[in-house]
Amino acid sequence: MRHVTVGEAGPVDPTVPAGRGRGPARRVSQLVAAVAALVVASCGGDVPEAQPEPPAVEASAPQDASLAEVVGVAPGGDATLRAIVLLDPHHEVDVPLPEEMPVMDQIGRQFVPKFILVRAGQTINFISSEDDIHTVHVKNSAGESLFNVAFINGSSYTHTFEVGDALTVICDTHTEMFADIMVVDSPYATVAARDGSFTLPGVVPGRYTVTVIFAADRREYEVEIVPGRNDLDFTEM
Ligand SMILES: [Cu+2]
């Protein structure tokens, strides 16, 4: 039996113009916004200026100097298709989940953005900014429903994605509505810019397997990340 709940109606968000969002420029800006959020999110709790007082006993270098910045280039994309870069360590690293909660809206009978990348354990806030009645129906890669929630303007529903998987989002009422959510176990994950460039700050040095996903292509690279800046080229797919 299908489980459907209706969220409570709330005030219209005046910052989101209803009925817009169909133009390519709008989609690009939404994707860029999502990417920016991911890049911000990926630096986790390793913000250098948030360092507490230096320890009294140890006279070692500040923590940020021991961390790495990964500056790389993956295959370039287009308005809708971007490379995804994942770093999986060969050693234990403890990278806090991003504090910012990604949002997937419903505008102009579209999910906005159409793609969200999150780490396992992250929560996504699903909202609706238009009067059409929609459902947010999320299925896992096996085709099983994770949830199917009815939305009216102002509805909000949050879900925490615990398991790494490639998920699809559809609306049961409008077949033209679809989106994708990728949930990854990697502590460092980002979506490359349109030109393929990406930056991952605050990476703990060590050996990593880098996975670059571009459309149906999925390549793995073994890299040694050292403290300071690391320039990596993953354009050879
Ligand atoms: Cu719909």
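Two residues are in contact here if their C-beta atoms, placed from the backbone, lie within 7 Å. Keep that in mind for the tour. The model is predicted.

**Whole chain**

Show everything first. The chain has 2 helices and 16 strands. Buried residues make up 30% of its 237 residues. Now think about contacts with a sequence separation of 6 or more: 71% of them join residues 24 or more positions apart.

Colour by pLDDT. The chain averages 80, and 73% of the residues score at least 70. Select residues 1–62. Their pLDDT stays under 50. The model has 80 contacts beyond four places in sequence for this stretch.

**The core**

Next, select Ala74, Ala83, Val85 and Val212. These residues have the most contacts inside the largest nonpolar core, which has 45 residues. Which strand gives the most to this core? Select 206–214: strand β14 contributes 5 residues. In soluble globular proteins, nonpolar side chains tend to be buried together.

Zoom in on valine 212. Leave aside its neighbours within four places in sequence. Its contacts are then Ala74, Ala83, Val85, Arg219 and Phe234.

**Leucine 86**

Move to residues 84–89, strand β2, and pick out leucine 86. Is leucine 86 buried or exposed? It has 24 other C-beta atoms within 10 Å, and 20 or more make a residue buried, so leucine 86 is buried.

Then draw a line from leucine 86 to aspartate 185. The two are 99 residues apart in sequence, yet 9.0 Å apart in space, C-alpha to C-alpha.

**A sheet of four strands**

Select β4, β3, β6 and β9. In that order, these 4 strands form an open sheet with mixed pairing. Look at the edges: β4 (110–112) and β9 (156–161) each have a single partner strand, so one side of each is left without a neighbour in the sheet. Neighbouring strands here are turned by 25° against each other on average, direction ignored.

Zoom in on residues 103–107, strand β3. It pairs with β4 in the antiparallel sense over 3 bridges. Glutamine 106 has phenylalanine 111 in β4 as its bridge partner.

Stop at the loop between β3 and β4, where arginine 109 is found. Its phi is positive, about 55°, although it is not a glycine. Arginine 109 counts as partly exposed, with 16 C-beta neighbours inside 10 Å.

Step on to the loop between β4 and β5, which holds proline 113. What kind of peptide bond joins valine 112 and proline 113? It is cis, with omega about -5°.

**A sheet of five strands**

Now select β5, β11, β10, β7 and β8. This open sheet of 5 strands runs in that order, again with mixed pairing. Its edges are β5 (115–119) and β8 (145–151); each has a single partner strand, so one side of each lacks a neighbour in the sheet. Neighbouring strands are turned by 15° against each other on average, direction ignored.

Focus on residues 134–139 and 165–170. These are β7 and β10, antiparallel strands joined by 3 bridges. Histidine 137 has isoleucine 170 in β10 as its bridge partner.

**Last stop**

Select alanine 215, in the loop between β14 and β15 (217–225). Its phi is positive, near 55°, in a residue other than glycine. Alanine 215 counts as exposed, with 11 C-beta neighbours inside 10 Å.

Methods. Residues are numbered from 1 along each chain as its sequence is written. Two strands pair if DSSP finds at least two bridges between them. Axes are lines fitted to C-alpha atoms, for helices over the stretch in contact, and angles run from 0 to 180 degrees between N-to-C directions. A nonpolar core is a set of buried Ala, Val, Leu, Ile, Met, Phe, Trp, Tyr and Cys residues joined through C-beta atoms within 7 Å. A residue is buried if 20 or more other C-beta atoms lie within 10 Å of its own, exposed if 12 or fewer, and partly exposed in between; C-beta atoms are placed from the backbone. pLDDT is the predictor's confidence in each residue, from 0 to 100.
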